Structures are given as structure tokens and as C-alpha cells.
Amino acid sequence: MTEDDLLRYYNRFKFREDISHDLTKYRVTDILLVSTFYDAFIFEQDGFLSEQLFGEYRQLNLSLAPRITSVPSGSAAVQALSHRKFDLLITTLRVGDVQPEDLAARAKQARPDLPVLLLLTNPADLASVEANRARCAAFDDVFLWSGDPKVFLAMIKSVEDRRNLDHDTLHGLVRVILLIEDSVHDYSQFLPLLYGLIYRQTAQLISEEVTESYRRLRMSLRPKVILAHDAAEAERVFRAYKDYLICILTDVQFERGGTLDEHAGIRFVERVREMGCYVPVVLQSQDPANEERTHALGARFLHKASPHLLTELRQFIIDELGFGDFVFRLEDGREVTRAGTMAEFMGRLPRVPGESIVFHASRDHFSGWLIAHGEVAYAKKIQPVKVSDFPDVAALRRYLIDVFDEMERARSRGRLVDTANWEQVSREQVVRLAPGSLGGKGRGLAFLNALLYALDFGRRFPDVDITLPLTAIVGTDEFDRFLEHNGVSAAELADLPDEDVRARFLAGDLSPDLVDRLAALVDSVRRPLAVRSSGLLEDSQAIPFAGVYKTFMLPNRDRDPHVRFEELCDAVKLVFASVFERRAREYIEGVRFKLDEEKMAVVIQEIAGATHGSHHYPDVSGVAQSYNFYPTGQFRPGDGIASVALGLGKAVLEGGRVLRFCPRFPDVEILSPEDVVANSQRDFWAIRLDGEAYGVLRGDEGTLARLPLRVAEQHGTLHAVGSVWDREDSRLVDRLDVPGPRVVTFANVLKYGVFPLAHLLDDLVRIGEKALGVPVEIEFAANLTPKPGAQRPAFYLLQVRPLHVDHEEVEVGDTRRGESPGEIVHTDEALGNGVIRGVSDVVFVDRDAFSPTGTLAVQQEVASLNRGLLHAGRRYVLVGPGRWGSRDRFLGVPVNWPDISAACAIVEADTPDFRIDASQGTHFLHNLVAFKVGYLKVRHGSERQWIDWEALAAAEVVGRTPHCVHVRSAAPLTIRMDGRSGRAAIVSG
């Protein structure tokens, strides 16, 4: 996929947000009103007009009301126009020394694009103005003031609609209402009524929207009202915008061909019907004889002399255009039920009587409802469909439900929504539970979600459901509010032990709004939940905080919803608290940030996977990187790498036993079969569903279980990822129906393609790298087979974060042992790039004192030595066996970042009896890369990887612990790392 492809898909995704800024570009913000002092007094009544207009704008959720500047005469108006640029000129009939038509002509001469409207203040003037049409030619239109300021709103919006019509219909598919009326009195009443209905309908739709961008869009997409005074103008509007018309309101008598035609409206509607346009039509006439012809055209007839004309017109708009409630009726007109919102409508549709479905479907009421809600594309989809197209009412109902469901999904796919209605939420949305920043993880998840649906990524893998788990985010405003409301300060917590920090937060109160939303969440969601940190500083490219803060896994299975609710609230508070725990404080101080700079958002996600008895876990979890820091054999760094494990991803992220493969070349084995067996998973992580309540209070592993592989075999989840080691033939058998040790190889996935994991990951990391502009790491989980309630296997994206890759060109020779004097360490399997000079200190683990069972003691000793070196401002090289930073203490020393924060390079050195495969994708290594700490793997017995232990032993001993030795080199050390080749060397002198 190219950058152009990404841009095209992104623009499609952003269309609805961007178009809201592009529509209604012309706005009236500054009006010049020319009137006598008396008229000005009547209009204003000490500010009455301005206040009423402002109140009308505010009530209808419009933008800022325009400013009105009043002048008392035509000459004053000419002077004002010469000094300021106005958007609209409104003049009354009597303006003193200049006739209004002369004023209009002079204004047009100076500003041809300036709209000029004539406002009549006396109904007695109507006859003279309408009799002398030539006098009105200089004006864009004429209106009658009847004491209602709504006419000003109609005048302003009528001008804006005409100016924006071409652009907004072309680019926003905005709908059009055509009003054909030559009576100034009548259209001065009709237009305020129409605009009032339109804006109130729009306000209702805005209240249903879940994103701010969609709310803006709703206001921009409201229908335009275009006023035509004669047949020629009406014909021109119809021909130009017939594809956008939703309604025609027309008088019967108006000018046609230069003369007054008593049946012009009927002739116009006949022409409209002949051209295949069947939008709702109202014909108004004072002659009752026109009613029969009107009905023959499928139109509504309104008697102009009726005292209820405006009421009847309002009811027509509500009934035929879908404004107001949708009233489900039977054939005889009886009301069954009604729906005020789209959500209510969709809830009623499956339950109303079939007779009502047929009644409305045969009259295009459903398409009218959709058009009124701005869903024109879906209205056009169902409008041609006839009741006779379906074998029965049940099939018709199912079709309508499917269309409305499809519409709702399309509107919200990939969006960040603000809603507390969990019945409307799907995995295609990310829900914001509280305002504020989303934090590092939250930003990445929202971006991933948008990217998935902007690219329509699922079409590339139609046999797999590709999505995020159900995801909700508590914005950082809640963190700020929690600290302030509960009186919590960093200074107060500075010297407290971690358990007291957690107790302080657990005693605090979350905001009432968040409490309500969390209660609604646990009422609707019964699957296990992960509650994860999402700090502002987290997952940045420059300073990642991977693994620094807490994540809690909640079974969410207690029968008492209050217990589940309390557990969720406690988990959110404990994530907040993790900012102030010792490990986080030391990390933040170590990277030279202030604790006050960090703010915490919280991500709440359903945990991917399936339930097996009393446990829950996915078939596979892992991470994939677009850049391989340890390329071997034929692989290049840009080919990427993935690490996967059965069960929860804890084993991968904490450096446990996992399987590594290259997604681009999944059939190429990285390790020999013997090494695969030696490094294979022995167990896996799952969530306990039968644990005691409030297990989250026992720590971030309080709800987890570490299970042997035989349990997975009993659950049936080992079959897709497991093999058997045949000791007699020293080979792996890729099935489980034979005896022998079980080995997690993912052979059925990678070799036999039962699930397209490799292709999925290769595509995703490439797209992610292009989208972020840097190499990326994604975290994922998958169900390799359909689980109960699902039709297809599922792939879940859990996180994306940037990887730091330094491209400085450094040359390190491909030497063998003894060929390069002065080299203390050499490897062709290094992580990092660049040159580090002036280091003299080395801390190494004494090989004779080391035991895989003593790694916890080693961790404490290294942390103590690190504090001394950090205090002295000295950087050092750390050397020792096994995976540094692994949480599995039998695979290496389980240090955290603060334990080794002064190290500038770490050497993972095999011993004859302790050989562990190099790890990628752990939180610990992610931090090393970002802080440019070199990580060198030295395998035992390799010709191109070695450590000069004699040189280290001969150096000056500065300090010693039971397991570690701190030495200082007589000559400064230089660490050279070539990220292109993976080679690195530590050279003395």
C-alpha cells in the first residue's frame, strides 16, 4: 500500500468531518439596516430586535447571530457602505433623501455581489409594490414585516441558502425545498415557518449524534429553502437541483411566460411528475376546484383562505418530510406507537404490526424519515423497493431492519463517540467515557480503529473478523478532577510506600458522571475486562513508558452487578495511583520529566478470547514489529518480526517463552527444531473466572492463572498451535494424536495456513509504518477458530506504538574471536545503533556464582549498584546471563528500568548451561531502544559472538556483591553498534 492509497482512504474517512467546515461558506455576519428613526424604534424597541434575533439563533443552535448596524437615511447608508464591508443590506421603503431603489442601485454598483432586500413595514404598501414590479427589480427580494423578528431569520437564511446552493448540493449532497410563491405577504409567513421547522428538526438530530464533528455536520447539512416567484425561475431551479429536491410547495397561480397563469402551479407539477420526480408536493389555492386536479397528481391541497393554513402546512412538513416523531399507524389511521429519535425508531421497527409496516412502506414514509435524518443514500436505496418485491411482511421487515442497521454501523464505524448508551455501541467505535486527552494508548487505539475502517481492511481478509475489542476510554480530565476533588497531591504521596498510595486512591471518589457510565457499562458488558493505563507521556516515540504503569484484568463475572461495578471503579483508581508508585516516580525522574507533567487516561477493553470452563483467554497473543532488531540468516531489519504465545500476551510482553517468526517469510524457521523445543512455552496465562471477588486488590496478577499446556489441550486450544516432539526421530510432528512432549510451534498457522496470521501482521505493520511515518509495533490477539456466537475467526488489534530506530551509519567489522585486538565484547546479534564513548565502568554477573534460581537476588544487587553509579553520574556496561528484564525469573534477571537506568549497554551472555533465545517485543526492550541503550546478545560457542572474560576479570574491582562484580577499565570503552548489520563491539582504548 502506497502513501497515496493511505491518503485516499484517510480523506474518505475524514469526509464527513471535513465537509462540515466546507459547507455554508457564505454567512451573513454584518447587516446594514436602513430605516427611519420610527421604524428603527419599532424594530429595536430598545434592543428588542437584536435580543430576539440572538435568542432565535441560540434557541435553534445556530452560530453567532449577525451584528445589525442601523442608519436613518439613504445617504447615511451610502456613507456607511463606503467605510465598511457588509454582508447584507436591508432597507425599508421610506429612507429620506434617497429612494430605496436608487440606494439599491448605488450599492450594487459599488458591490455587485451585495444582497439587497426591501423590507415593507406597512401592509398597505404591498399593493403598490406588487403592482409596480419594475420598481422592485433592483432588489434581490421583498419581505413584509409583521412584528415577528423571525422574518429577519428567514431573510438572512434565504440569502445564505441562495449563495451556498451550488457548492453545498455538489459537495455535501444537501437537500432542497422549493417554494414557489409570488405573494410577498404569503412567503413572508411561509419562510419563517419553514426555517423554524427545519432548524428544530436539525436540533433534534444533533441531540442524537455521538460525535462533535457529526453535530457540526448535521447543522451544515440541513435542507436549503429556495424561493421562486414565477414559472421560469421555478423551472430553472428544478432542472438544476431535481436530484436534491425533497419537497415542493407551490401556489397555483403565478406568472408564466410573462403573464399571470391561473393554473401555472398545476402545470409545473405535471411537468415534474412527467420527469419522474415524485417528491412530496403541496399545491395552495383559493379556488377549491383545484383540489381534485391536485390529488390526481399525488399532491396535497391546501386552501389559502383557510384560517388553519399555517397549521396544515406545518403538519404536512412533519408528516411527509419525516420531521418530528415518526408515528406508526394502521391502514385506518389509528396510531400504534411513535418514535422521536432514530434509536427509538430502530427499537420499534421489529415489534410494530406487519399491517403498519405495509402501510408506511407503500407510501414511502420510511425513505422520507431517512431523508429528514440526512441519510439520503439509504433513502434512495429503499425508495425504489416495493412491497410486492417481498414474499411476505416478515421479509419486508427484515430488509428494512437490515438497511437501518447497516446505516447505523456505517455512520459510526471507526469513530470516537461520546455516549453512555451501550445498546448503541459496537466494536467499530471507541467510546469516550470522560472528557480530556486520550493519552498514549488511547490515541493509538483511536487511530487504529479509524485506520481499520478507513482502509476497509476487513475486505482484504473476508474470512476473518478484524476489529478492536470493545473499547472505552476515560479522558485525562477525570484524573485532574480526581486529584483536585479528593485533595491528592504529588507532594503528599512522595514518601509513601506503594501500598499506602493505592489505599489513598481507593478511598477517593470518581465523578458522578463517570460512575453512572461505568455502572451502565457493567450492566451491559459481561465479558472479562482489561483496565489499562494511557498516560500522556506513554507510548511516545522519544520517551516510551511501556510497562511502567499498571494493567488490571477483571473477570467481570460476579452475579452481583454492584461487585463488578466496584471492581471496575477500583481498577480505574489503581491505574491513577500507579502514576505515583515508586517504579513510575523513579522512571519519570530518570527521563528528566516532572511528575506534574504526567496525566493519566484509562483504557477499558473487553479481553479478547473465549471462555473455557473457569478460565478465559485467546488462542494467540503477541506483538509484531515492522523493524527486526535481531535479523539473522536471510532476514533484513525491514522484514519485521513477530513474537506469539498461546493465551494472554503477558508471556510476550514480559520476556517469557514465546515463538518468533518473520511475518513476511513465515515458512522460514528462525531456530532449529531442538532450539524450538528448548525455548517453547511450558505454560500459558489466562484469567480466572472463579476467583474471589475484588481480586484486583491483590495486585495486577491477582485475577490471573498460569496453567500448564495440558489444560489448553483439554480445552481444545492447543490443537491449532501445538506439535509433538518425536524423541526417537528428533523431529516435530505437527499434530497432537501421538504421544510425546507438547511444543507450541504454531505450525498449523504458519506452515499450513489455517489462519492468515502472517499475512495479516505483515500488512498491518507496513500500513502502520506508513501511517505513523516511523517503524511501529502492534499488539494483538486472535481466536483461530469461530467461538460461540461468532461466524468467523477473529483478529483483535490491541495497541500500536512507534519504535525508535536510529539510522546513523556505524561500521562494525565482521570479525572472529582474536582477530580484533582490544575488543572485549563482539556480536552480530545486537539491538541498537550508534557510538557510545567514554565509559569505564562494567557490572557483570559472576558466572561461578550464578544460578537460574537466584535471579531475584541478582536483580536486587544490580539495582543497588545502579543507584550508586547513577548518584555518581557514571554510565556503565551491564553483563550477565539470560534475558534482562524478563518477568519470568527462570529465563533471566527480572530487572525493571529504574534498576538499570544508568546502563548505556547491556550484554545478554549465554553460559554452557543457560542458553535462552533472544527476545523482542517486551516492554523492557522497547524502552531500551528508545533510550538508545545497546543490547548485545552473545551466544555460547559462536565464532562471531564472544566476551573476553579474562579482560573483565583483570580490571580494577570497585565493588562486589554475592553475585555481581563492579570493575573499572584502565582505558575508556567505546561501544559501536551497527543497526543495519546487527553487529556490535565494545572496544577498550
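## Exercises on a predicted model

Helix 30 (residues 757-772) lies across strand 17, strand 24 (620-625), strand 25 (641-645), strand 26, strand 32 and strand 33, and runs at about 145 degrees to strand 32. The model is predicted.

**Exercise 1.** State in which order the strands of the open sheet are arranged, and which strands are its edges.

*Solution.* 
- The open sheet has 6 strands in the order 17-33-32-24-25-26, with mixed pairing.
- Strand 17 (465-467) and strand 26 (659-661) each pair on one side only, and they are the edge strands.
- From one strand to the next, the twist averages 20 degrees.
- Within this order, strand 32 (residues 776-783) and strand 33 (residues 794-802) are antiparallel, paired over 8 bridges.
- One of the bridges joins Glu 777 to Arg 801 in strand 33.
- Helix 19 (residues 439-454) lies across strand 17 and strand 33, at about 130 degrees to strand 33.

**Exercise 2.** Classify the orientation of helix 23 and helix 24, and describe their contact by residue class.

*Solution.* 
- The axes of helix 23 (residues 512-524) and helix 24 (residues 561-577) come within 9 Å and cross at roughly 125 degrees.
- An angle over 145 would count as roughly antiparallel, and 65 to 115 as roughly perpendicular.
- The two helices, helix 23 and helix 24, are therefore oblique to each other.
- Their crossing is right-handed.
- On the helix 23 side, the contact residues are Val 515, Leu 518, Ala 519, Leu 521, Val 522 and Asp 523; helix 24 contributes Pro 561, Arg 564, Phe 565, Leu 568, Cys 569 and Val 572.
- By class, this contact has 10 nonpolar, no polar and 2 charged residues.

**Exercise 3.** Determine how many residues of strand 7 are buried, and name those on each face.

*Solution.* 
- Buried means under 20% relative accessible area.
- In strand 7 (residues 224-228), 5 of the 5 residues are buried, so the strand is largely enclosed by the rest of the structure.
- One side holds Lys 224, Ile 226 and Ala 228, the other Val 225 and Leu 227.
- Strand 6 (residues 176-180) pairs with strand 7 in the parallel sense over 5 bridges, and Leu 178 stands opposite Ile 226.

Key: Residues numbered from 1 in each chain as written. Predicted model: local features only at pLDDT ≥ 70, side-chain atom pairs only at ≥ 80, totals over all residues. Heavy atoms only, no water. Buried < 20%, exposed > 50% of the residue type's maximum accessible area, 1.4 Å probe, protein only. Helix = DSSP H or I, 4+ residues; strand = E, 2+ residues; numbered from the N terminus. Pairing = 2+ DSSP bridges. Axes fitted to C-alpha atoms, helices over the stretch in contact; angles between N-to-C directions. Parallel < 35°, antiparallel > 145°, perpendicular 65-115°, else oblique. Left-handed = near helix turned anticlockwise from the far one by under 90°. Contact = heavy atoms within 4.5 Å. Nonpolar A, V, L, I, M, F, W, Y, C, P; charged D, E, K, R; others polar.
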